[in-house]
Amino acid sequence: MSTIPYDSPDYTLLSDVNVVGSIAIDVNVVGSVTINVNVVNDRLNVYITNAFLDVKAEITNTSIDIRVIDSTVDLTIYTPEGRWIVASDLLATYAVTPYRTVSPGKEVTILSATGFRGRLRQIGGELVTAGSPFSIMGDVRVRIYIDNPYVPRIDLSLDEIDFLNGRAAYWLWTALDNALANNLSPPFNCAKYSTSPERWLIEPFFSNPTAAITMLVYDRGSRLLTRLGFYLRLEAEFMNSVEVRIYNGNTSNTLGVMMTGIMGEYVWP
Amino acid sequence: MRGEKGRRVREWGEYVAYGDTMIKVGISYRIFDENGNLTSTGIIWEAENVGLGEPAEEAVERARRRAREKIKRLLERHHGEG
C-alpha cells in the first residue's frame, strides 16, 4: 500500500495499470470529498467495458447539475423488472373549453394550466363570428403565455398560422372567390352549403403535422369568413404555467371560440 | 417526489378551461405506493356554471374545491387507507 503525503508534489501517471484479479479500494473519509477534473483543451475519456457496473448510492440533499453543450446524449436504460423508474415521456392530459365569446378589442384566457414542469403539445379549435362577418384571418390572434402572464411567447394571427402550412387556405379561398366572380367551376374541396346567405365551405389540403387552417366558411355577400378551424402543434415546454389566450383585434364584432388542448406533464418535477 | 416514503397522492397542478356560462377545472394527480414508486396517475375535471355577472374566478374556486375533495378520497380508493 502506498501513501501519498499531504504536501506531495503533483504526480503524473504515465503508465497504464493492468491488473489480473480484482482490486478493492476502500476509502473512508471523515469530512468531504472533492474531485476536480479540469481537462483544458482536451477530452476526458471514460470507458467501462466488459463489466457489471453496480453502483449503490444513498444520497440526501442531492443537487446534480449537468450541462451538456454542443453534444449528443444517447442514454439507454434497461430495467429488467419492468419497473417504471424512468419516465422520459410525458403524462398526457387534455382540456376542452366550453364556448366562449371574445368581445371586440379584447384578449381573454381560453385555457390555462399551472403546476410543475409540462408541455403544451397541441391546440385546435374553431373560431366563429358571433355577429357580422369580419376578417378572422387577420384580426384574431392566438397568444400563448409560457411562465409569464404578461408577455406572450407565441403570438400568431390565423393568417400567420396558415403560413406554416404554405398558405394553402388563403389561396384556395382566393381561387374560390375568383371562380365565383367569373362564373367558373369552384375549385376542389369547396362546396356551397347555404344559399341565403350564400356561404361556401372551403377545406384546404393540410398535411403539415405542425399547423394548419383546416376549414373556412366564406360568406359571399360580405366577402368575409364567418368560421374557421385550425390546429397548432407547439410542443412548448413550460416550467410552471401556460395560458392560451385569444385576442380579437376587430373593434366592432364579437368572436366565438371553442378549443381543445393536449398537454403533457413530466412525472418528476 | 421519488424516494419519499409513504402512500400518498400528489397533485401536479391545475387546468382551467373558460367558457361564457361554464368553466371547467381539472386537477391532475399522481399516486405513490409505500416505497415511493409511482403507481397511478390521472386527472379529475369538475364543471361549474358561471352566473350572469358573476366573476369566473368564483366559479373556478367552487369547482376547484370539489375536485380537491375527490382527490382526497383517491388514496383510500387506491390503497384502502386515507
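The model is a predicted one, so local features need pLDDT of at least 70 and side-chain atom pairs count only at pLDDT 80 or more, while totals for chains, interfaces and linings use all residues. Residues are numbered from 1 along each chain as its sequence is written, and chains are lettered from A, with ligands numbered from 1, in the order in which they are written.

Chain A comes out with twelve strands and three helices; these are DSSP runs numbered from the N terminus, with at least four residues for helices (H or I) and at least two for strands (E). Its 269 residues include 24% that count as buried, a label given when 20 or more other C-beta atoms, placed from the backbone, lie within 10 Å of a residue's own. As for contacts (C-beta atoms, placed from the backbone, within 7 Å), 67% of those in chain A with a separation of 6 or more link residues 24 or more positions apart.

Strand 4 of chain A (residues 118-129) runs antiparallel to strand 10 of chain A (residues 224-238), and ten bridges join them; DSSP has to find at least two bridges for strands to count as paired.

Turning to the two chains, their contact draws on 22 residues of chain A and 18 of chain B. On the chain B side, strand 1 (8-18), strand 2 (22-32) and strand 3 (38-49) each supply at least two residues, and strand 1 of chain B has the largest share, with seven. By type, that side of chain B splits into nine nonpolar, five polar and four charged residues; Ala, Val, Leu, Ile, Met, Phe, Trp, Tyr, Cys and Pro count as nonpolar, Asp, Glu, Lys and Arg as charged, and the others, Gly among them, as polar. Strand 1 of chain B also pairs with strand 3 of chain A (residues 107-114), antiparallel and over four bridges, and B:Tyr15 is the bridge partner of A:Ala113.

Then there is the largest nonpolar core, which has 60 residues, with A:Leu216 and B:Ile23 making the most contacts inside it. Strand 10 of chain A gives the most to this core, seven residues. Such a core is a set of buried Ala, Val, Leu, Ile, Met, Phe, Trp, Tyr and Cys residues joined through C-beta atoms within 7 Å. Setting aside neighbours within four places in sequence, A:Leu216 is in contact with A:Ala169, A:Trp173, A:Ile202, A:Leu225 and A:Leu228.

Terms used. A residue is buried if 20 or more other C-beta atoms lie within 10 Å of its own, exposed if 12 or fewer, and partly exposed in between; C-beta atoms are placed from the backbone.
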